[in-house]
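Welcome! Please take a moment to look over the sequence and the model before reading on.

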Amino acid sequence: MHSTPVTSADDRIEGVPRRRLLGAAALFGATAAVGGAAATAGPAEAAVVLGSRADTTPLPLRGTVVGRHRDLFRTFNLTSSTGVGVLTVGSKHYLMSTNTGDGTDTVQVFDAATGALHYKASTPGSAGGNFVHDGKGTIWFSSGTALMTLSVTGRSIRRYGTAPSGVTGLYDFVLDHRGRLWAGTYPAGAAVCLDPATGAELARTPRLGHGNDYVRSLSVSPDGRTLWAGTGTADPDLFRIDVDAPSTPVRVPIPGRGLNSFVLRTAARGRKVFVWHDNSSGTEVVSVHDTVSGSWGPAPTSMSGRSISAVDAAGHAYVNSQGTLMRLRPGDAVLSPEAVATVPDRHTWHTGLAGDTVLVVSAGNAALSAVPVSPGGDVRPRVDCAVSLTTLDTSSMVVDPATDTAYAGGFRGDGLCATALATGAFAHSAATAGISQIEGMVPDRGTLYVGSYGSAVVVAHETAPGVSAAGAYRRLATLGTSHLQSRIFAWASAESHVVFGTVPEYGYRGGALGTVERATGRVTVYNKLIPELSIVGLAASGHTVYGTTSVRGGYGAPDHTGDAVVFAADARSGALHWTRALAGTAELYGPVLLDGRLYVATLDTVVELRVSDGAPLRTFVLGSRTGRAGWQNAALARLPGTSRLAHLAGGTVTVLEPASARTATVLTGAHRHIGFDSTGTMWVTVGTDIVKLRLDPGTDTTTSTTAVPAVGGAIGAKYTAGGGHAVYGAPTSPERALHGGAYQVFRKAGKGTKFLWSPATGAHTVKEYGAIGRAWMRADYERGWGWPATDERGVPGGVYQVFVRDGRATKVLWSPATGAHAVKEYGAIGRAWVRAGYERGWGWPLTDEYHVGGEVRQRFSRGVTAHYRAGRLLTS
């Protein structure tokens, strides 16, 4: 452990883009976790009891929802730096955008001259941020594994196909000289060629590079015959691909490239290829490759938004260079930038051509605008687009009782949103806030301290001017490069410092304890304070800070095999007073100081500890929930003015009175956040909303939750036929429409069962707490393997469940010895497995399908490995 001063309080944010798109939500897709648990298969294990087990009895308390504010986080937020473009159809010019969200209004097209909304459409899920236009009004892009096409003039959208086998993400669509679509892929790490009419795969390159899962950036030469592909993660580089001979790509080594990173963008213009990538120091740079001489050089000027326009009739391409519009001729051997005009915004998202006019496009929080610049350098008035806001899932929420304001961050969000609890008045942060997805925050004496993901950015917001005030934010520290930290979930206010705890960067374990000296804003970081563990909860008293931890590290790192730890430290020096491993625990939340004791939470217990050394005294068992350790799976808070605690996990809020060991369930169907206003009233996130929960005396024998949503239709019939409440518990949400079907979630004893219905498959259940259900969720829910076509069914030695997408069946099988794995019965390997006698022949699947070079393989429990390559299937 070492301490490091990070920065001064005077390091103010200056017009930074809303987020640097290097966090997991951008790099790893919309399914990247916010910190939720995936419950384990089979019966839940018994709760871990430390110290003595307290015999709990009912607490006569009833919870009633008496108020609600909807959609805590609303925004217009581009999916990526390629999530906006200028389109020309005949004499008309448009701006098209793809926006972060879960499918609603994710595509919006505007008249570039007026900003009026021309057309908006929803997609099966989050829209891919990369699209291509044929110049005649037809657009191609993706939404998860759905291949989508949009007609600008016809104001219509439709799904025309599905991503090819082994591909769950598609990037940077382009059209070649024969009118065929090409796209980069994940996790195949290849470029694929698709039929633009059907989506059928026509060709595929080998995996590009060594250990790469991504081809994230793709561009095509002016003649449409050569692709330039950028890869990631282990071996990022540039590859040249002949579209008519894609099986023999050629590596074009990028000088000074960083490893374990990404080529972020490629743009082929004239004889040049512009490449955005990290260098060996981890700094993003732009390198330029000359396709004629084969040489490399640095970019001749900065380029905002990873964007360079197409080439105009005079041979010029345009870039925004820190507020100066520059033009250069990429067809020349030597690039000589010329200043054209000064534009209002230093940092923009896109520079495009609308005829002979250059559009410099900015995307502020909840805003999209374009500044037109004539060929002669005349800067015309800004055109503001009439954007439609979308609602994001709530990634964090805190209530400031000093102002009765709820502050919220959004999953894949772009800032800070505020809701006045008394009136519902809503506001979104300024574009200059420098905040992305917020994991945690704390109000402290008129300042809101915010942890922004990725790179663990610490931001201080002065609350009095309001979240929309551009000058109300200061960036205090960025810990990604210096300390390899990524996320800040935990916060607390000590006597002289505000304290935070972190989760490390991708592939690492070991968080940090950080402090902000309140008087100066000076940040000090005590890295790896608790080796191997992430710090996910904090509380403070005087100069002492108490912390809880999780064995879950950064994305891509295996969980630590030891126990979770509670600790106490000095906020002024970082010196540890004591540490205590709690045997059998993997994640601990809270902590909370109450009546001379320290309390920490697991998914299904509250543990009472001695403050002086963390020794366990009693355990209060609240349920039977299990799951993989996370970073935000439970919440524990003190009810103001009482000696009671509120525990939230698995959607259930339980009130515990430790002195009497009495408990009451006061709300089901909750999300993951609790706050209290100036009157001590509890506010809880539910879905994307926040509800006001009144607690009233009940009876000695009955505690109650809020009224449950209605159950009906095909899902209701299935629920009733399967045993109803006795088997599945109560609904935690109303029935909701989903991609042509519907779903509803039920929960019993902390276990969630999702009922899904589609016209093709009918109504079936997915046990989200089971191994098959978890595998289905990892595969991207119904967007991956499809809708459940059966419930789980028992066979000798295990269970299976069938999922269907676009008529193609995937069977997921589980046995105690092999775990849960998928067999694609529509594929060559799956068909051969069926012919061999299912699990009675080759045995149970030991793996999903995986790639080795250009070969697809899958292993089975009776010693069979299936190999599929170039139309041939072999076994070994």
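This is a predicted model: local features need pLDDT of at least 70, side-chain atom pairs count only at pLDDT 80 or more; totals for chains, interfaces and linings use all residues.

Residues are numbered from 1 along each chain as its sequence is written, and side-chain values use heavy atoms, leaving out hydrogens and water.

Let us begin with S396, found in strand β34 (residues 394–400); strands are DSSP runs of E with at least two residues, numbered from the N terminus. S396 is buried, at 2% relative accessible area (buried means under 20%, exposed over 50%, partly exposed in between, with a 1.4 Å probe and protein chains only). Its side chain reaches the backbone oxygen of I438 at 2.9 Å.

Next comes an open, antiparallel sheet of 4 strands, ordered β46-β47-β48-β49. At its edges lie β46 (534–541) and β49 (576–581), each pairing on one side only. Two strands pair if DSSP finds at least two bridges between them; β46 and β47 (residues 544–550) have 7.

Finally, there are 39 salt bridges in the structure, each a side-chain nitrogen of Lys or Arg within 4 Å of a carboxyl oxygen of Asp or Glu. Three of them are listed here.

| Pair | N to O distance |
|---|---|
| D237 and R257 | 3.5 Å |
| R329 and D332 | 3.3 Å |
| K811 and E825 | 3.5 Å |

D237 is buried at 1%, whereas R257 is partly exposed at 25%. Salt bridges also link D176, R178, R180, R225 and D244 in a network.

Technical notes:
A polar contact is a pair of N or O atoms within 3.5 Å; within protein, one must be able to donate a hydrogen and the other to accept it, and residues adjacent in sequence count only if both atoms are side-chain atoms.
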